[in-house]
Amino acid sequence: MTGAPFSSRLVRLFGSSIVDQALLSGANFLVGLILIRYASETQYGYYVLAFNGMMLATTLQGTFISTPLVIRLPGLDADARRSWIGGLWRDQRRWTAAGSAVALAAIALAWATGALQPDALPVCIAAVALLAAATYREYFRGILLVYQRPHAVLAADTVYVVGLIAAGLLAMHQPIAATIALGGAALSALACGRLLRRALRQDMDADAPPGRMREIARVGFWAASGGVIYWLFNQGYSFLAAATLDLAAVAALAASRLVMMPVNLVTAGVQKQLTPVASGWLHQFGPRATFRRLALFSAILGAMTLVYLGTAWLLRDWIFIDLMRKDFAQRDVLFQLWAAVFLVMSLRDPLMLLLLLRQRLRTLTAITLGSALLSLAICHAAMLRWGATGAPFGVLCGELFYIAAVLACTRAEMRRAEPVAGTKEVLP
């Protein structure tokens, strides 16, 4: 009798997450499409670099805070959870203010010394505002997802999506399109964050003392290190392309990758909701049974990804020529390479959760570092030889190395976790 309610709750949980990520995917695709069609390649390149910088900031913030909370919160009572959430928020607010001040000072110094191009100054200021607002939004969003309340997240994200699209429309045909789009995204993230905080107000002690970050520093450091290092080979190629080639190459890479955005955001949404669910499985069923369930999720996501990629391939001429009004050199090769990258990513995301939840964070960090170094080295060499297509080729090599290493380490972890006859396994 308990299976049906659990299955129904699970379907509703993941259904809300998928709808939420579909909204985000559609909004990001639409804004990117607007800028591709109506902004210069330089402005679109600026927007891509700033948005990737924002992803680095939210990755750092999310992995440092959310990963330890997923592990710690289930074992706490309601009052302790409220204190943890409130104390961490006060810590993050201080760090965000300090980081923003340092970034603005660095921008002012670069502008005063002539190291910053005049057209890049407003973009940089808007990017700093976006980083601060995005981390504000992502903190409360991550907490609500840990609490398995995706409906509240969906309602707030709808406001964010509306504001993001409005900013994109305002940026049409504007010479400072990147600044307008980034500034609008910052305001939208701020509004969304306020709604998320309001939804969480009964579960957060706003007067809780700060200092919680010190208590999660060890676990948070290794989780954040892995997340940031992974960002290097998942998003760092764009900055490498800007340095090795030019902003036009960044625009071509971003435009071809944009077609894959629905895959990225749907898998990311499922992953965020799957993490606390898998944590419960691990405590209830043990590592081997948990990995079997995660492997099933991986296969489902892989099948969904193949269906989408096949459809997008058949429609590629319409997407690039009619919709984007861009026909980049080596367009089909870029599409094929990015498709392979995102297929591997959709398979990899659930499979690495067992190592994460078993707190094998140093192992994951080492794997990610090796993958990032391999990816960036191949990206650089391949871009010098083949141009823009070298970037996704390098990313693909890094992804393949990553998933192979994760599977090998997971197999070893399950063997170590098998309880000796007559004993009960104890989680680390």
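Predicted model: local features only at pLDDT ≥ 70, side-chain atom pairs only at ≥ 80, totals over all residues.

Colleague: How do the axes of H2 and H3 lie to each other?

Modeller: Start with distance and angle. The axis of H2 (residues 41–72) comes within 12 Å of that of H3 (residues 78–112), and the two cross at roughly 165°. Angles over 145 degrees count as roughly antiparallel, so H2 and H3 are roughly antiparallel to each other. H2 passes H3 in a right-handed crossing.

Colleague: Which residues in H2 meet H3?

Modeller: Gln61, Ile65, Leu69 and Arg72 do; their partners in H3 are Trp84, Leu88 and Gln92.

Colleague: Is the crossing of H2 and H9 left-handed or right-handed?

Modeller: Left-handed. The axes of H2 and H9 (residues 236–244) come within 9 Å and cross at roughly 145°. Here Leu49, Asn52 and Gly53 of H2 meet Ser238, Phe239 and Ala242 of H9. That contact splits into 3 nonpolar, 3 polar and no charged residues.

Colleague: Now the pocket. How much space lies in the largest pocket?

Modeller: The general idea: a probe the size of a water molecule, rolled over the atoms, shows where empty space is left. In this case, the largest pocket holds about 1,000 Å³. Its lining counts 32 residues, with Gly53, Ala57, Gly99, Ala103 and Leu131 nearest the centre.

Colleague: Which helix supplies the largest share of the lining?

Modeller: H2, with 11 residues. H2, H3, H4 (121–146) and H7 (212–215) each give at least two. The lining has 21 nonpolar, 8 polar and 3 charged residues.

Notes:
Residues numbered from 1 in each chain as written. Heavy atoms only, no water. Axes fitted to C-alpha atoms, helices over the stretch in contact; angles between N-to-C directions. Helix = DSSP H or I, 4+ residues; strand = E, 2+ residues; numbered from the N terminus. Parallel < 35°, antiparallel > 145°, perpendicular 65-115°, else oblique. Left-handed = near helix turned anticlockwise from the far one by under 90°. Contact = heavy atoms within 4.5 Å. Nonpolar A, V, L, I, M, F, W, Y, C, P; charged D, E, K, R; others polar. 1 Å grid on protein atoms, 1.4 Å probe; cavity = no way out; pocket = protein on both sides within 12 Å on 5 of 7 lines; lining within 4 Å. Points joined across faces, edges and corners; volume = space filled by probe spheres on them.
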